[in-house]
Amino acid sequence: MRHARLPIVVVDNVQDVQRPCVRFDPVPGLRDALKHLLDLGHRKLLWVGPRDARPTSRESTVYALAFEFGLTGSTCRIEMPVGARIGTSQTHDLVEAAVADVLRQPGRDWTALVAYSDLFAVGALRAVGRAGWRVPEDL
């Protein structure tokens, strides 16, 4: 593509590419979301995100903000198969199955769910709905 002389802008680049890059700052939105959950009375959260050798920067941000607000919680990390891409319908299915497993466990003490992305939220909401729970009435 470099030789095609086409203008290229990379969105949310995580590697050092010698191209212009546009990134977004998730902190203000995450702060607003967690503050909203706190204002609704939630104190314990379930984080739903991809499993990695180390927490993603988004997960770390959620933890830091939750700590700032005095929130605690649990995690549901989804194992993404080698070669799987976050952002496909496969993501919905993997998240739905993982959250369904969490919902079957006894002793749930979290009252709200925070998802890594919209696609993770869709899978989580499918699991919650199939379990007979209503949002926002039950979760």
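Helices (H or I, at least four residues) and strands (E, at least two) are DSSP runs, numbered from the N terminus. On that basis the chain of this predicted model follows the pattern β-β-α-β-α-β-α-β-α along the sequence, with four helices and five strands.

Residues are numbered from 1 along each chain as its sequence is written, and side-chain values use heavy atoms, with hydrogens and water left out. Because the model is predicted, local features need pLDDT of at least 70 and side-chain atom pairs count only at pLDDT 80 or more, while totals for chains, interfaces and linings use all residues.

Of the 139 residues in the chain, 32% are buried; buried means under 20% relative accessible area, exposed over 50%, and partly exposed in between (1.4 Å probe, protein chains only). Contact means heavy atoms within 4.5 Å. Among contacts between residues at least 6 apart in sequence, 70% join residues at least 24 apart.

Helix α3 has 16 residues, which at 1.5 Å a residue should span 22 Å, and its end C-alpha atoms are 23 Å apart, in agreement. The expected span is 1.5 Å times one less than the number of residues. Its buried residues, including His-92, Glu-96 and Leu-103, pack against β3 (44-50), β4 (72-78) and α4.

The structure holds two aromatic pairs. Rings of Phe, Tyr and Trp (its six-membered ring) pair if their centres lie within 6.5 Å; planes under 30 degrees apart count as stacked, over 60 as edge-to-face and the rest as tilted.

| Pair | Centre to centre | Angle of planes | Class |
|---|---|---|---|
| Trp-110 and Trp-133 | 6.3 Å | 50° | tilted |
| Tyr-116 and Phe-120 | 5.2 Å | 65° | edge-to-face |

Trp-110 lies in the loop between α3 (89-104) and β5 (112-115), and Trp-133 in the segment after α4 (118-130), 23 residues apart. Trp-110 is buried at a relative accessible area of 4%, whereas Trp-133 is partly exposed at 23%. Tyr-116 and Phe-120 are both buried.

The charged end of Arg-108 sits over the ring of Trp-110, 4.9 Å from its centre. This label requires NZ of Lys or CZ of Arg within 6 Å of the ring centre and within 35 degrees of the ring normal.

Glu-59, in helix α2 (residues 57-69), is buried, with a relative accessible area of 1%. Its side chain makes a polar contact with the side chain of Arg-77 (2.6 Å). A polar contact is a pair of N or O atoms within 3.5 Å; within protein, one must be able to donate a hydrogen and the other to accept it, and residues adjacent in sequence count only if both atoms are side-chain atoms. Not counting residues up to four places away in sequence, Glu-59 touches Trp-47, Thr-75 and Arg-77.
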